[in-house]
Amino acid sequence: MNSTKPDRRGFLKGSAALAGLAVGAIPFVNGKARAADEPTTKRGVTPDDPVIEDLAYGGRSGFETTTRAHSVGVLNATGLRNLTPLQDTIGAITPSGFHFLVLREQHLPNIDPKEHTLLIHGMVDRPLVFTMDELKRFPSVSEVHFLECTGNSGVMHYKSYLSDMKKYPDVAKDVRFIQALHGRTSSSEWTGVRLSLLLKECGVQSGASWIVAEGNDTEKHAKSMPLEKCMDDVIVAYGQNGEALRREQGYPLRLLVPGWQGVNNVKYLRNIKVVDKPYYFQSETTAYTNLRPDGKASIYESQVGPKSLITFPCDGHQLNERGYYQITGLAWSGRGAISRVEVSTDNGRTWKDAVLQTPIYRKAHTRFRFDWNWDGSEAVIMSRCTNEFGDIQPTFTELAQMWGNAREPHIPAAEVIKFWETANISEFLNNPIQPWKIGKDGSVKDALYTNLNIKV
Amino acid sequence: MRFTPISISRSSSLLAVVALFACVAAMAQSPTYKMGRTPTEAEVRAWDHAVGPDGKELPPGSGTAVEGAKIYAAKCSFCHGKNAEGNFPFARLAGGVGTLNTPTPQKSAASYLPYATTIWDFINRAMPRDAEGTLSPSEVYAVTAFILFKNGTIKETDVLDKKSLVEVVMPNRYGFFPDPPQSKPDKDHSWLPYWDQVKDLRQNDKAFGGR
């Protein structure tokens, strides 16, 4: 910063100058900032309370009020705010402060990176302990990847949403439908060292086929993962969106498992044991398995299917006049890059290609945009995506049918859907096409979950 | 129009690493960077507590449901109910055997899990909340025995230890698929084999877009 230039950035001249301002603060820091066209005594400076320290890290305008939403269901009681406000997201990167989180315990770990180490042992020639400093000295990679909770978009979350509307109306009224149902997905640039590199430093022994990864949170969250995936693209990450991981994202170290459900991405990563079989932890058996109506459940299925979602307009938005609107949303796939997103504005009768934001990263949120003129009549809009392998996003019914066909004996879609509606289970791997219904009054409502036969 | 995927997820620095690996592959994974230190035995032992189905990491100690009942009443029942019946959102731990293939499945830890070691591991790892790691191995064996007894899986006087715990045959032992789990991707690099079904399904989908 050139401190002699009396330009519009003059307010940043230096701490002495700032301290000299009697009132005056930074317009993009404080809550009660002036309107843009309001006259000021100094350019870029408002007559507001100074919070100079805020400039040390920066903050958003006080006009911006979007936040993560309360988790629905019982977690309301904790006041945990963990759901990404997809309805207000811009572009393809989720700001770290909006990144969803799942906390399976009461405490948010607060780990001193100087004390933190990563131990790798088990079926290796050389068990090793790495400090954070050492991990950061290894060749690093930065990659953009989405991270999605296993249960995101599940019918179980709709049940919780309905039950919350009854039980905690004061809290639930502020939770947007899209956040409650789909807000467990986010996309960041992650930086770290490849797990494969660390494993090779330790020398993986023949016969090894899985790993066990554990965090240093109070629950010591543990997860088994096939070695083959770990030797492929898994990152031992310490950076997120250009800075250290946020505390709620596993500071100082976490696993980032591209394209795989959130539960695999062990936070506060402390311990990796190389083994020859999966360990059937609680977090991969009683939870995160997928029960079918025939009583059988899938296990260790982690890859996220091709998925897309219109984030504007979506449930809760209001179109105030006819005319031009840009339909926009996000698409992602756990297997590869998104190659195509199509949008329908006539309830799925016809489809047209949306424009994809570039560059398109593998296993990352991809923003799509679609020009649309609303003529004021009722409309149902939806998106569907295809990945580079030709995998396509299913409708809700197709998803149910696919699940019914996952093993013998096959189960009809209607029976699977009925099971999702009535059984008190968690169902996972949810990537159905999400239709939004626009009323003649310009209101936008969900047109999928609302039609289910669910009693709470 | 159709868009060609552009992949720049592999940075040039990674390519350098990959190239480096190509060079060292012939050396059977000898260390390249020479960072990190050898852990002490005690350091490894402190983190070698994860217990899988073969139970080889299980520590010595033993317990029965009779002993477990007292510990359970004092430290577990507040959340999980007197008889391990659960209290939403606190998990049901026992009961519900035979309901998994009904319209109202009652999943409990003991009725649903394929291996008893999972119960031992999770109690030892994460319970009781706010006092994790305070139960002795024998206490963990005893509470595990209590839960399995309440589920009708073992007798009240059965002794659980390193050997007998892994021999418990859980009622839902064969309820999961694929068995064994997928440990390698298919030829197309996919870990979820049935996504390509959608194409076939869509051929016959007359009511596409609706529910």
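Okay, let me start with one lysine: A:Lys273 is buried, with a relative accessible area of 9%. Before I go on, keep in mind that this is a predicted model.

So what does A:Lys273 pair with? Its partner is B:Asp48, and the closest N and O atoms of that salt bridge are 2.7 Å apart. That one crosses between chains: A:Lys273 sits in strand E12 of chain A, while B:Asp48 is in the loop between helix H2 (41–47) and strand E1 (62–63) of chain B. There is also a network here, with A:Asp276, A:Lys277, B:Asp54 and B:Lys56 joined by salt bridges that share partners.

A:Glu228 and B:Lys184 meet through their side chains in a salt bridge, 2.9 Å from N to O. On the chain A side we're in helix H8 (residues 227–230), and on the chain B side we're in the loop between strand E3 (176–177) and helix H9 (197–203). Buried or exposed, what is B:Lys184? It's exposed, at 52% relative accessible area. A:Glu228 is partly exposed, at 34%.

Now for a pair inside chain A. A:Lys223 makes a salt bridge with A:Glu284, with 3.2 Å between the closest N and O atoms. A:Lys223 is in strand E8 (222–226) and A:Glu284 is in the loop between strand E12 (269–275) and strand E13 (290–291), so this bridge ties together parts that are 61 residues apart in sequence. Both ends are out of the solvent-exposed class: A:Lys223 is buried at 3% relative accessibility, and A:Glu284 is buried at 1%. Over all chains, the salt bridges come to 27.

Next, the holes. How many cavities of 30 Å³ or more does the structure hold? Twelve.

Thirteen residues line it, with A:Glu148, A:Gln261, A:Val304, A:Leu429 and A:Asn430 nearest its centre. Its lining has four nonpolar, seven polar and two charged residues.

Let me zoom out to chain A as a whole. It has ten helices and 23 strands. Of its 456 residues, 62% are buried. And if you take contacts between residues at least 6 apart in sequence, 72% of them join residues at least 24 apart.

Last thing, confidence. Chain A has a mean pLDDT of 87, with 85% of its residues at 70 or more. Where does pLDDT stay under 50 in chain A? Over residues 1–34, for which the model has 59 contacts beyond four places in sequence.

That's my tour. Happy to go back to any of these pairs on the screen.

Notes
Residues are numbered from 1 along each chain as its sequence is written. Chains are lettered from A and ligands numbered from 1 in the order in which they are written. This is a predicted model: local features need pLDDT of at least 70, side-chain atom pairs count only at pLDDT 80 or more; totals for chains, interfaces and linings use all residues. Side-chain values use heavy atoms; hydrogens and water are left out. On a 1 Å grid over the protein atoms alone, a cavity is a set of points where a 1.4 Å probe fits but cannot get out, and a pocket is an open set with protein on both sides within 12 Å along at least five of seven lines; lining residues have an atom within 4 Å of a point. Grid points are joined across faces, edges and corners, and a volume is the space filled by probe spheres set on the points. Ala, Val, Leu, Ile, Met, Phe, Trp, Tyr, Cys and Pro count as nonpolar, Asp, Glu, Lys and Arg as charged, and the others, Gly among them, as polar. A salt bridge is a side-chain nitrogen of Lys or Arg within 4 Å of a carboxyl oxygen of Asp or Glu. Helices (H or I, at least four residues) and strands (E, at least two) are DSSP runs, numbered from the N terminus. Buried means under 20% relative accessible area, exposed over 50%, partly exposed in between (1.4 Å probe, protein chains only). pLDDT is the predictor's confidence in each residue, from 0 to 100. Contact means heavy atoms within 4.5 Å.
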